[in-house]
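Dear colleague,

I am passing a structure on to you, and I would be grateful if you read through it before we next talk. My notes on what I found follow below it.

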Amino acid sequence: MSTFRTIDDLPADSRVLVRLDLNSPIEGGEPQDNRRFERHARTVRELAEAGHRVVCLAHQGRPGSDDFTSLSGHATILSGHLDRDVGFVADTHGEDAIAAIEALSAGEVLLLENTRMCDDELPEAEPAEKAETAYVEALAPYFDAYVNDAYSAAHRKHASLVGFPLVLPAYAGRVMETEYEANTAIARKSFDGPVTMVVGGTKATDVIGVMDALEGTVDRFLLGGVAGELFLRAAGHPVGVDLEGMDLFDDQWEANRELVEGILEERGEEIHLAVDLAYEDDDGERAEHTLEEIDEKRVGYLDVGTETVEAYDPLIRESDAVFVKGALGVFEDERFSVGTVGVLKAIAETDCFSVVGGGDTSRAIEMYGLDEADFSHVSIAGGAYIRALTGKSLPGVELLQASADGD
Ligand SMILES: Nc1ncnc2c1ncn2[C@@H]1O[C@H](COP(=O)(O)OP(=O)(O)OP(=O)(O)O)[C@@H](O)[C@H]1O
Ligand SMILES: O=C(O)[C@H](O)COP(=O)(O)O
């Protein structure tokens, strides 16, 4: 484990400023409950039950985007998970925020307004600069400690993530601890048997970068999704191209072509590609093509095929560790969930160390009735998970370590 201080080390009766990541899908203007609330509730509950005064910070969306909203609905959802009131004030650091902070009693919880509604939060800048913003200077004097629980945002150098830990003693929350442990395992742990990575999803550029960075760490990659088709294209199969109206493959192919061809040529033995692919036929049913049958891409492929799942299954079962980044198909449609659910089931049935990352992909676990307890860790991080896999440190994490070292 790192040299963080954790919330176990907090002095009694602290006034604690806690950074959470409650960034959520927004539907009809309302945040949708998801794993992030449940996970962060554990940290907040512990702090409140220990008698600290707990003031939470979080962001939602980016200025100008449709999901850039107030956090009032987030307070309601968090409150439901905690089974205790979460006060909300529609102010980031002005008079109303300060009055609400001052009115807080031991064990009470307050959520301040979306950090990104404060001009000082964005853009990214060095911690020393962020520590001198009006935002940090206005809030910090009201607190004894800063807790960063927002592992999934810890790759951002925003004021609420890097400013406060410079001016307040900083501690890791429970989510920060567990995410850090699991997501850096690929770099820190050594495994006796094969290490496998399941790679899919739509963000091919990201995952291909991960594959490049993990040379020598991962023994084999099982591919599907968009990245899988790009590798098949590099192997000479006429897939991985955009059909009319599609915008998934060609740009990512241009951006990654050399890398994909290089990986395939130099590390081909590590790369396992689909042997069949699934599509929607004219009757709206799932249908499959073997690679041999594909002489031209005529349909959009939405999943790996059944034979591919059969080929991947034993490779997973003999692994000592499996990391998942991205779904093997459009699992949100049950007809095209075979690949994603097939590999997740195989992982769940083994004792291997397993991490499932990516907000979209991890949703398949509850959608298809799998038990989260059958995985070592289901990450709530997207970009931060990618960075951890590629061995990069996160500014928010570094500052927690620096804060502990400075004592
Ligand atoms: N062949 C495919 N064509 C189109 N979409 C696909 C295909 N295969 C998988 N997907 C989609 O990929 C999505 C999941 O991958 P994504 O790249 O969003 O990664 P993630 O790691 O789960 O999420 P995030 O990085 O956003 O946290 C799923 O929603 C699925 O529908
Ligand atoms: O949802 C996330 O992945 C994090 O909250 C980071 O959000 P961002 O990409 O808008 O910084």
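Contact, as I use the word here, means heavy atoms within 4.5 Å. The model is a predicted one, in which local features need pLDDT of at least 70 and side-chain atom pairs count only at pLDDT 80 or more, while totals for chains, interfaces and linings use all residues. Residues are numbered from 1 along each chain as its sequence is written, chains are lettered from A and ligands numbered from 1 in the order in which they are written, and side-chain values use heavy atoms, with hydrogens and water left out.

Arg 156 lies in the loop between strand S7 (145–148) and helix H6 (159–167), where helices (H or I, at least four residues) and strands (E, at least two) are DSSP runs numbered from the N terminus. Its relative accessible area is 24%, so Arg 156 is partly exposed; buried means under 20%, exposed over 50%, and partly exposed in between, with a 1.4 Å probe and protein chains only. Leaving aside neighbours within four places in sequence, Arg 156 is in contact with Arg 62, Glu 124, Leu 161, Val 162 and Arg 387.

Arg 116, in the loop between strand S6 (109–112) and helix H4 (127–131), counts as buried because its relative accessibility is 9%. Beyond its neighbours within four places in sequence, Arg 116 has contacts that include His 59, Gly 61 and Arg 62, and a polar atom of the Arg 116 side chain lies 3.0 Å from the backbone oxygen of Gly 61.

Leu 22 sits in the loop between strand S1 (15–19) and strand S2 (26–27) and is buried, with a relative accessible area of 0%. Among the residues in contact with Leu 22, outside four places in sequence, are Arg 36, His 59 and Gln 60.

Gln 60, for its part, is found in the loop between strand S4 (53–57) and helix H2 (72–82), and at 0% relative accessibility Gln 60 counts as buried. With neighbours within four places in sequence left aside, its contacts include Leu 22, Asn 23 and Asn 114.

Technical notes
A polar contact is a pair of N or O atoms within 3.5 Å; within protein, one must be able to donate a hydrogen and the other to accept it, and residues adjacent in sequence count only if both atoms are side-chain atoms.
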